[in-house]
Amino acid sequence: MRGNSGERPRTFKISGERLRTSGGRDGVFHRLSNGRKVIQSVRYILIYFLLFFGTKTVHANNPESNTIRIVSYNVENLFDYRHDTLKNDFAFLPEGQYRWTKTKFHNKLHKIAQVICNIGDTLLPAIIGLQEVENDSCLYRLCHNHLGSHFFSYAYLHYESPDLRGIDVALLYDTTLFRPLSAYPIPIPFDSTVRPTRDILYAHFLNTSHITQMSEHTPLAGNDRSSFSLHCFVCHFPSQLGGAANTKKRRQQVEQTLINHIDSLLSIDPDAKIIVMGDFNGEPRDCLPPLINLMNSGNNSMYERSETFSTMKYALSNRKHYDTYKFRGIWSCIDQFFVSPSLLYLITDTRVYSPEWLLEKDERYLGYKPFRTFVGPRFNGGYSDHLPIILDIKPSTK
């Protein structure tokens, strides 16, 4: 455990079943089944209570609470330990720079699952945007071997992108609350002289918690006004390594591609509820008009009169650890949420998740820093070099 707090993170282990695979361009949709053999279920329950008796109980999202929790998390180089012939993943092999083994890989998955379990307290995330995931294999093992509860199941969306290192973005979602109406990757158009970067992942989700008897084949309509739907974009902008001037063109191209798709959605439905989340590798600013950056505690004068926004702004300005990434002793909030105006007044909370066990002492620059997996090539055994961010939404009951 890191820090001085007596609280320890909840941990668990549970398995599921792989049901089906589908999707174009190496797209993947997976779902976990809750049904397991009784003996195996009893085994996990006994282990849970014997090892972690006295900790808080984790519950699935309760539809009656009418609150939807969204999480975005850069998980810092989630690679498996096998070589992908199409990717430059040699550093994350057993004989590579990081000596990445099966044991370290599953330790990493277990820690990510711990974060997801604890970040919800008694309200687990309904939708989770992940950055720096190598492939479907990582996501399948995260869900199948390390993540879940007997009360709900997660599925995930992932597409292979042209990033040379092989790190992609992905979406996990609670199948008891949401079903994707559509999903696809948005490629970033670059000429041949520019290094390719990650695609943007888009998904349109319909909230299905109000449908009492739903099967996998239940017809759903996105234009049903009694339903609550979300348009989600997961991004991982190019870093500014090499200087802002040298990376400006690549970052602007990603930004413009994203804005074009947002404009298209709003031209069809001006009241579309849009969330853009991810690692923007830059300080918060209003760079995606007309969306509002929820992680910007500075000037958002257009919405200053909103009681909800003012409360969130105060919380962001007065939190001990409200940034998500620390570089050379300087904290910055490079992981962010943007939302459309129609969604702003349904938001009840926005914050950075920073329990002390996700932090470690910063011996060089003092204070604390994220408890990361690697420090240079040295295995540090932590969670990630980023802290996750939380967005809570309470859909209107009208």
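The model is predicted, so local features need pLDDT of at least 70 and side-chain atom pairs count only at pLDDT 80 or more, while totals for chains, interfaces and linings use all residues. Residues are numbered from 1 along each chain as its sequence is written, and side-chain values use heavy atoms, with hydrogens and water left out.

Strands are DSSP runs of E with at least two residues, numbered from the N terminus. Buried means under 20% relative accessible area, with a 1.4 Å probe and protein chains only. Because 8 of the 8 residues of S7 (residues 200-207) are buried, this strand is largely enclosed by the rest of the structure. Ile200, Tyr202, His204 and Leu206 point one way from S7, whereas Leu201, Ala203, Phe205 and Asn207 point the other way.

| Partner of S7 | Sense | Bridges |
|---|---|---|
| S6 (residues 178-186) | antiparallel | 8 bridges |
| S8 (residues 229-236) | antiparallel | 6 bridges |

Phenylalanine 178 stands opposite asparagine 207 in S7, and leucine 206 stands opposite serine 229 in S8.

A cavity is a set of points, on a 1 Å grid over the protein atoms alone, where a 1.4 Å probe fits but cannot get out, and its lining residues have an atom within 4 Å of a point. The second largest cavity holds about 50 Å³ of space, and its lining includes Asp168, Val169, Ile200 and Leu201. Strand S5 (168-174) and S7 each supply at least two residues of this lining.

Conventions
Buried < 20%, exposed > 50% of the residue type's maximum accessible area, 1.4 Å probe, protein only. Helix = DSSP H or I, 4+ residues; strand = E, 2+ residues; numbered from the N terminus. Pairing = 2+ DSSP bridges. 1 Å grid on protein atoms, 1.4 Å probe; cavity = no way out; pocket = protein on both sides within 12 Å on 5 of 7 lines; lining within 4 Å. Points joined across faces, edges and corners; volume = space filled by probe spheres on them.
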